[in-house]
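Please work through the following exercises on aromatic ring pairs. Each task is followed by a solution in steps.

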Amino acid sequence: MEKLSQTLVSKITKLQKRFESFLDNDFENKVEEAEHIQASFEPSRDTALIRGLSQGLPDDHIDRAIIVFSRLAMFFDAGILLENNDGQWKAQASFHKGVTQLLKNNSKSIVKIPNMTLLSVLKTDSKAMLQKLQLQNLDPENKTTCLLIKASPDFAFILFSSMADLWLKEHIENVRRALINGFAD
């Protein structure tokens, strides 16, 4: 009986090592893929793509905000998804050069946003916002413009763009119109 249990434990250990090896290799491929995407990333200004930003969205407002946020990753250098918890806006997710990630609980910071109408756009200092949220890695060279859009009473987007103001004004207006179409109930 003891020999049988040792054999069984040995086989389970080998199987576990194979799974770990597979998962390690899979994770390494994802990291390499993300690094490749980030190295060649350039935000899109294609108005046809922007119009599609809010198409086919779910009815649930939480799912809608998450999907729109992930789609915004192709139009801006970086972004942060904020969620309102009793008046405290907490960073829940971010994207940088096309790659989206959830933020870990210990790194979630609280930020205050001014009273603003839904889907209006405010401009603010990128460096100060990123320091407040402890996410300076999203713009290490401080070359972006920071835009704040309150998409719903529960969710807001902080978007960072390195576009020149001449193009950024039209770009953000196209994005704002698409968001209005997606969040208008």
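The exercises below concern a predicted model.

**Exercise 1.** Classify the ring pair of Phe-69 and Phe-157 as stacked, tilted or edge-to-face.

*Solution.* A search of the whole structure finds three aromatic pairs. For Phe-69 and Phe-157, the ring centres are 6.1 Å apart and the planes lie at 20°. Rings pair if their centres lie within 6.5 Å, and planes under 30 degrees apart count as stacked. The pair is therefore stacked.

**Exercise 2.** State which parts of the chain the pair of Phe-69 and Phe-157 links.

*Solution.* Phe-69 belongs to helix α3 (residues 61-72). Phe-157 belongs to strand β7 (residues 155-161).

**Exercise 3.** Determine whether Phe-69 and Phe-157 are buried or exposed.

*Solution.* Buried means under 20% relative accessible area. Phe-69 has 2% relative accessibility and therefore counts as buried. Phe-157 has 0% relative accessibility, so Phe-157 also counts as buried.

**Exercise 4.** Describe the pair of Phe-157 and Phe-183 and its place in the chain.

*Solution.* The centre-to-centre value for this pair is 6.4 Å, with 55° between the planes, and the pair is tilted. Phe-157 lies in strand β7 and Phe-183 in helix α5 (residues 165-183), so the pair ties together parts that are 26 residues apart in sequence. Phe-183 has a relative accessible area of 11% and is therefore buried.

**Exercise 5.** Name the residues that ring pairs link into a cluster.

*Solution.* The cluster consists of Phe-69, Phe-95, Phe-157 and Phe-183, linked by ring pairs.

Note on methods:
Residues numbered from 1 in each chain as written. Predicted model: local features only at pLDDT ≥ 70, side-chain atom pairs only at ≥ 80, totals over all residues. Heavy atoms only, no water. Phe/Tyr/Trp six-rings, centres within 6.5 Å; stacked < 30°, edge-to-face > 60°. Helix = DSSP H or I, 4+ residues; strand = E, 2+ residues; numbered from the N terminus. Buried < 20%, exposed > 50% of the residue type's maximum accessible area, 1.4 Å probe, protein only.
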